[in-house]
Amino acid sequence: MNTTTERSATQVPSSPGSGARRRRENIVGYAFMTPWLLGFVFIVGGPVIVSLYLSFTDYAVIGKTHWVGAENYIRMFTTDPRFWASLRVTLIYLLVSVPLVQVFALFLANLLNRGIRGLPVYRAVFYVPSLIGGSVAIAILWRFIFEGDGLLNGLLGAIGISTDHSWIGTPSTALSTLIILNIWQFGAAMIIYLAGLKNIPMELYEAARVDGAGTLRQFRSITLPMLSPVIFFNVLMNVVAAFQAFNSAYVVSNGSGGPADSTLFYTLYLYQRGFVDFDMGYASALGWILLIISGAAAALLFALSRRVVFYGDE
């Protein structure tokens, strides 16, 4: 009881105007948040809710909308082979390109971390593809390179390998050209890896060399564990970007996803159903399935990170 009395006695009474001042501060804070709140409601939150409703309808932009329940989802999983084809193409693209991007980015980040001359120039040169790689102009250039009479076959002919093989016109190689395009954009991941490498204490490497550890052992026992949070971040961002890939496949295949649906990315198929066939209800259902799949992939990565990601305070 004495403790309660002492604690009450030491409390500073609030001034009469403190409540009003806090209310004014809250109003100012909400006023600054208003643009973001309006953008979230009308650009993100509202369309998300509407798309969820539309996914249970036969909405076709023109005409009346009818509630069809789970028919879109049932049709998607049971009678739509192009849905499965687009999902397969997207997963192959993700499972091949994302690991290769990490390998190339981490390899070059290690080279640049050795204090070579002209480091800012090299960083800029390697980073530029990340800025322009997703543009329509680069996708058009990619078509020019990998067509039957393109630049690649011209270079092969110059060294005595004559071929008129269309790399983007053949189902077995079309997706590979888009994977190469994604790998070429490794610059952003490389910059992040380079920043992470510079934060690893050099004392750890010096102690390892004193103990007789070679370069590979240092990389495996020091670099990878200390860099694991950065690796996790890059992998997560690249996985999300792979699920959203669209521009390159659309331009290279003229919006068809061909040849033989070999470049039919999931987002491209969603675009076809929504903006070509005007089957917006079905396209909304496709969008929600994509959200669920990408969310599940992110959740799986976070679950795995508990075992393989090392943080300095652990």
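**Figure 1. Asn254 in the loop between H12 and H13 of a predicted model.** Asn254 lies in the loop that runs between H12 and H13; helices are DSSP runs of H or I with at least four residues, numbered from the N terminus. The phi of Asn254 is positive, about 55°, although Asn254 is not a glycine. Asn254 is exposed, with a relative accessible area of 58% (buried means under 20%, exposed over 50%, partly exposed in between, with a 1.4 Å probe and protein chains only). The model is predicted, so local features need pLDDT of at least 70, side-chain atom pairs count only at pLDDT 80 or more, and totals for chains, interfaces and linings use all residues. Residues are numbered from 1 along each chain as its sequence is written, and side-chain values use heavy atoms, with hydrogens and water left out.

**Figure 2. The cis peptide bond from Gly258 to Pro259.** Omega is near 0° at this bond. Pro259 sits in the loop between helix H12 (247–252) and helix H13 (266–276). Most peptide bonds are trans.

**Figure 3. Phe278 in the loop between H13 and helix H14 (280–308).** Phe278 is not a glycine, yet has a positive phi of about 55°. Phe278 is partly exposed, with a relative accessible area of 43%.

**Figure 4. The kink in helix H2 (residues 18–54).** A kink of about 45° lies at Met33, shortly before the proline Pro35; the bend at a residue is the angle between axes fitted to the seven residues ending there and the seven starting there. The buried residues of H2 are Ser18, Gly19, Gly45 and Leu54. Their cover includes helix H3 (71–78) and H14, where contact means heavy atoms within 4.5 Å.

Methods
Helix = DSSP H or I, 4+ residues; strand = E, 2+ residues; numbered from the N terminus.
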